Amino acid sequence: MSRRGLALSAGVALFAAVTPRRGASAPSEERRLNIRLADRIATIKPELHGQFAEHLGSCIYGGIWVGKDSPIPNVEGYRKQAIEYLKAAEIPVLRWPGGCFADDYHWRDGIGPVSRRPKTVNIHWGNYTEDNSFGTHEFMRLCQLIGAQPYLAGNVGSGTPQELRDWAEYCNYPSGSTLSEERTRNGSPEPFNVKYWGVGNENWACGGNMTPESYALEYRRFSTYLRTLTGKGAFLIACGPNRNDLEWTRRFMEALDRRGSLHGYAMHFYSSSKTEATKFTPETLRLQLAGFADLEKAILEQRALLDKYDPERRIGLLIDEWGVWDRMVPAEEKKHGRLWQQIPMRAAVAAAMGLNVFHRQADKLAMCNIAQTVNVLHAILLTDGDECIRTSTYWAFDLLKAHRGKEAVRVETGGNDPLDLSVSASVEGKQLVLTCVNPRHDMGMKVDASLAGGSALGGKARFLHDADMNACNTFDNPDRIVPRELPLMADRSRIRMELPPLSVATAIVRLA
Ligand code: AHR
C-alpha cells in the first residue's frame, strides 16, 4: 500500500456506530482512502491463498482422513463434510506432509497395500505410531477431490538425494520405468504431475539443524537429481528463513552461488502469542495483530535482499507456513491432538490482515500457505468425533476469495499505525474488489474511499464480525461467526461502508 505523498488525513470526527451484530455501540472514526485504479501492483496469484496439512495432531488422521471403515460419513476414507467444505473453499494449493514431519518422512512407507505398510514413529509430534495409511496416493486423491494443486515437501534432513529423486520419478514419470509401473500397480497409471517440490523444511531447526552453508550444499546436491524428473515447469523450493532472518538468506544465497535449480525460496512467519486462543485481552490482541506489520516488512526486506542475487526475480518468494500460533491448552491438546487451538474472531481478523499484506505485496510473492488446514494452529476447519465446523478463518478466506486472479492496485491510506485499518484492492475488467479489516476492538471505522481513474456503478458488501474478540464458532454454535451483508454505498467516485470493531469486510463494486 502506498503511503507516499498522502494528501488524505485520517478523519477524527467521532460518532456512534451501531455494531450490527449485537446492538452494542462503540465510537467510530472516519478513514479516508484513495483507490488508484490505474496503479497496478501485480496479479494476485491464487496460490497466495494456499493451505498446508501435516501429519501432526489430528490434521490428517481423525481430521481429514477417518478411514474407509469409519462410522463417520466418509468418501473413500476422507471425512465427507471436510471434503465438501474444502472443495467449496477452492483451495489453490495444498502443501504436505510437513512441516517438521517432512524431514523424517520416507515416502515408500506410504504406498502399496495398506496392510503391508510399516508402522513408523512420528518423532516430532509426540512419538505416536504412524500407520502410514495416508500416503502419496491418498494425498493426491485428496487434492483431486478438493481441486487443489499438490505441493510435496521432500525429506532432506534424514533422507537422501536418491530417495527424493525416486519420489519425483514415482509421481511424475509417465510410464515405462520400474517406479512408474509401481505407481500404476498401486492404482494410478496417470502421472501425478506434481509441480511444487520443497527441498526440505526448516533445515535450520527440525530439518537437520543445518547452517545456511551446509543447507546450501544439500540444496545443490538434492536439486541436481530432481531437476529433470520433476518435468517441465517444475518449481523447486528451498528452505528460507524463520521470520525476517536476513543472515540466513544472505549466507544461503552466497553459499548457493546461484548454481542448481532454485525457483522458490520459502520463509516461515508465525504471529505467536503467550495467550490462550479464547483468553485474549486488548493488550495481547494488539501485540499479535501488530505482528502483521512485521510480516510485511519481512517480505519487503527479504525480497530486496533476494533481488541482489536475483535481480530478474526468477526466484519466487514463498511464505509456506504462516498464521497465528497461540498458547496451547493442555486439556484441548489431549482431547484433539497437538497444536489444536480455537479460532476466534481475532484469528479471522489476523488471517484477513495477512491476506491483505499478500495482496499488497503481490509482485513479490509466489505462494503462501496458512498453517494448517484442519485441527492444527490457524485452521479453517475443526473436527470433534463426527462433527466438522468451519472456523471464523474459513470465512475470512471466503470473503477474500474474490481477489484471486485479479490485479492488485495501490490504495493510499491515512497513516501507518499497524493497528489501523488494513486494506487491499484488486481489479479485473469492470469489477473492483476492496477488502477492509478493522483490527480495533474498541472502535468502529467509517470507510470513505475515493476512486481515482474510475467510476462506481454500485455493488455489494459482506462482512464478518463479532464484538467479542474471543468468540468463536463452536461445535454447539457452529455458525456464530459467518459472513453477512453490509450496507454499501458505491456511486461514481466514492465508496462508503461502515466497519464495526473487529471486522473484515469485502465490497465487490461494478465499475463503469
Ligand atoms: O506448523 C507446525 C510446525 O511449525 C511445522 O511442522 C514446522 O515447520 C514449524 O515449525
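Student: Is the crossing of H3 and H5 right-handed or left-handed?

Tutor: The crossing of H3 and H5 is right-handed. Keep in mind that the model is predicted. Two packed helices are described by the angle between their axes and the distance between the axes. Take both for this pair. Helix H3 spans residues 161-172, and helix H5 spans residues 212-226. Their axes come within 8 Å and cross at roughly 30 degrees. Angles under 35 degrees count as roughly parallel, so H3 is roughly parallel to H5.

Now the residues. H3 brings Pro161, Leu164, Arg165 and Ala168 to the contact. H5 answers with Arg221, Phe222, Tyr225 and Leu226. Sorted by class, the contact of H3 with H5 holds 6 nonpolar residues, no polar ones and 2 charged ones.

Next, helices H7 and H9. H7 covers residues 282-309, and H9 covers residues 345-360. Here the axes come within 10 Å, with a crossing of roughly 15 degrees. That angle makes H7 roughly parallel to H9. The crossing of H7 and H9 is right-handed. On the H7 side, the contact is made by Leu285, Gln288, Leu289, Phe292, Leu295, Glu296 and Ile299. On the H9 side, it is made by Arg346, Val349, Ala350, Met353, Gly354, Val357, Phe358 and Arg360. The class count for H7 with H9 is 10 nonpolar, 2 polar and 3 charged residues.

H9 also packs against helix H10, residues 392-400. The axes of H9 and H10 come within 8 Å and cross at roughly 30 degrees. This crossing is right-handed. H9 contributes Met345, Ala347, Ala348, Ala351, Ala352, Leu355, Asn356 and His359. H10 contributes Ser392, Thr393, Ala396, Phe397 and Leu400. The contact of H9 with H10 divides into 9 nonpolar residues, 4 polar residues and no charged ones.

Now leave the helices for the ligand. Glu54 places a polar side-chain atom 2.7 Å from an oxygen atom of the ligand. For Glu202, a polar side-chain atom also lies 2.7 Å from a ligand oxygen. Gln372 has an N or O atom in its side chain 3.0 Å from an oxygen atom of the ligand.

The peptide bond joining Ala371 and Gln372 is cis, with omega about -10 degrees. Gln372 sits in the loop between strand E14 (365-371) and strand E15 (381-384).

Most residues other than glycine have a negative phi, and most peptide bonds are trans. Two further backbone features belong here. From Trp96 to Pro97 the peptide bond is cis, with omega near 5 degrees. Pro97 falls in the loop between strand E6 (93-96) and strand E7 (120-122). Glu76 has a positive phi, near 55 degrees. Its loop runs between strand E4 (74-75) and strand E5 (78-79).

Technical notes
Residues numbered from 1 in each chain as written. Predicted model: local features only at pLDDT ≥ 70, side-chain atom pairs only at ≥ 80, totals over all residues. Heavy atoms only, no water. Axes fitted to C-alpha atoms, helices over the stretch in contact; angles between N-to-C directions. Helix = DSSP H or I, 4+ residues; strand = E, 2+ residues; numbered from the N terminus. Parallel < 35°, antiparallel > 145°, perpendicular 65-115°, else oblique. Left-handed = near helix turned anticlockwise from the far one by under 90°. Contact = heavy atoms within 4.5 Å. Nonpolar A, V, L, I, M, F, W, Y, C, P; charged D, E, K, R; others polar. Polar contact = N/O pair within 3.5 Å; in protein donor to acceptor, adjacent residues only side chain to side chain.
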